[in-house]
Amino acid sequence: MAISARVETRQMTLVQAVTDALRTMLRERDDVLLLGEDIGKNGGVFRATDGLMDEFGEERVMDTPLAESGIIGSAIGMAINGFRPVAEIQFLGFIYPGLNQIMTHATRMRSRSLGRYSVPMVIRAPYGGGVRAPEIHSDSMEALFTHMPGIKVVVPSTPYDAKGLLISAIEDPDPVLFLEPLRSYRAGRGDVPEGKYSIELGQAATLKEGNDVSIFAWGAMIPKALKAAEKIEQEQGITCDVIDLRTLYPLDKDAISASVQKTGRAVIVHEAQSTGGVSGDIMSVINDTSFLYLRSPIERVTGYDMPVPMFSLEDEYLPNEDRIRHAIKKSVNF
C-alpha cells in the first residue's frame, strides 16, 4: 500500500500566494532582496509585500523612488554581484522606462560575458484589464518581452501556481518577468501548500481534457476559457482541452502539439492586442508540428488592435465567454 506524506495547505488568494512565496524565499536565502516603489512600509500597491519589511528589515525589503529604470538597473547590478533581487513594477504599463535596462543589459549579460555572468533576478508586474483602472494600468504587453531571448516570461493563473512558479523564478539563474493578472489577485481562493515547493518553468498545465478543440490561454483568461468550455460541452456536447501555458517564453511546444494532434482544432485566447501577440507564436508552433492534423483554421480570441480603452468600454475590449464559444463553434463547424 502506497503511503503518501500529508501536505498542509492554506486557502489563499493569488496575491497572498505571491506574498507567501516571497516570505518563503526571504527566509530560506539570505541573498534574496526585494525592491520597488512603496513595497516596504505600504506593502506595495496591491499589498503583495505587506509585512515583509517588518519581518526582514529595510536592508532586504527596500523602498525605492518612482524610477522604473533605476529599480530594474539596480536589480541587474545586485544580481551580477551575487544577490537574487525581486523588483516590483507597480503595473506592467509602467515598465516602459525600464525597457532599455531589460533589453540591452538583463537579457544579454550571459551571452555578452560568454557565460561568465548571469542575472538571477525577477521582475514582478501586475498586468491586464478588468478592474476599471485608468489608461496604461491595464496594458497586456507580454509579447514585447517574449520577443527578446534571454528573459523568461511567466504568468500564473491560480494561487497554487503563483507560489510555485514564483519560487522557481527566484531560483532561476537568468532573468524572469513574472506577470501577475491583477484581476485574479483577489478573485478567489485556492489550496496552497505550506512551505516551499516549485513548479518547473516552461511547463504548461492541462486544466480540462476533451477531444474536439484545444484552447490555449493564460492568466486571467483561464477562468473564461474554462467556463466557455464547460458551457459548450453542456449545450452541444463539444469537449475541449483547456491548456494553461503558464510560461510564454519558452513555450511548452510539446504540450501544444500533443493537444492539437489529438483534437485537430485550436482556439487561442489572450487579452493583448491581436497583431504581434503571443498567439502568433503559438500558431507558428502548431504550423511547424501539427499542420497535417488540423481539421479547421486556427481561431484567435484577443483584444482589439487599439490601446486598452477607458473603463466604460473595457468590457467591450476584453475577450469574454461568448466570443470564446463563438470561436469554438466556428472551428468545429468549419
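**Entry 1: Arg 23 and Glu 55**

I began with Arg 23 and Glu 55, whose side chains meet in a salt bridge at 3.0 Å, N to O. This pair links distant parts of the chain, with Arg 23 in helix H1 (residues 14-28) and Glu 55 in helix H2 (residues 52-56), 32 residues apart. I note here that I am reading a predicted model.

**Entry 2: Arg 132 and Glu 314**

Next I looked up Arg 132, which forms a salt bridge with Glu 314. The closest N and O atoms of Arg 132 and Glu 314 are 3.1 Å apart. Where do the two partners lie? I placed Arg 132 in the loop between strand E5 (122-127) and helix H6 (142-146), and Glu 314 in helix H11 (residues 314-317), so the pair ties together parts that are 182 residues apart in sequence. I then checked accessibility for both partners. Arg 132 has a relative accessible area of 40% and is therefore partly exposed. Glu 314 has a relative accessible area of 0%, so I wrote it down as buried.

Why does Arg 246 count as buried? Its relative accessibility is 10%, and the cut-off for buried is under 20%. Asp 161 counts as buried as well, because its relative accessibility is 7%.

**Entry 3: The wider tally**

How many salt bridges are there? I noted a count of 22. I also found a network of salt bridges that links Arg 10, Asp 20, Lys 163 and Glu 194.

Patch members have no salt bridge and over 30% relative accessible area, so I looked up one of them, Asp 63, and found it partly exposed at 37% relative accessibility. Asp 63 is in strand E3 (residues 61-63).

Technical notes: Residues numbered from 1 in each chain as written. Predicted model: local features only at pLDDT ≥ 70, side-chain atom pairs only at ≥ 80, totals over all residues. Heavy atoms only, no water. Helix = DSSP H or I, 4+ residues; strand = E, 2+ residues; numbered from the N terminus. Buried < 20%, exposed > 50% of the residue type's maximum accessible area, 1.4 Å probe, protein only. Salt bridge = Lys/Arg side-chain N within 4 Å of Asp/Glu carboxyl O.
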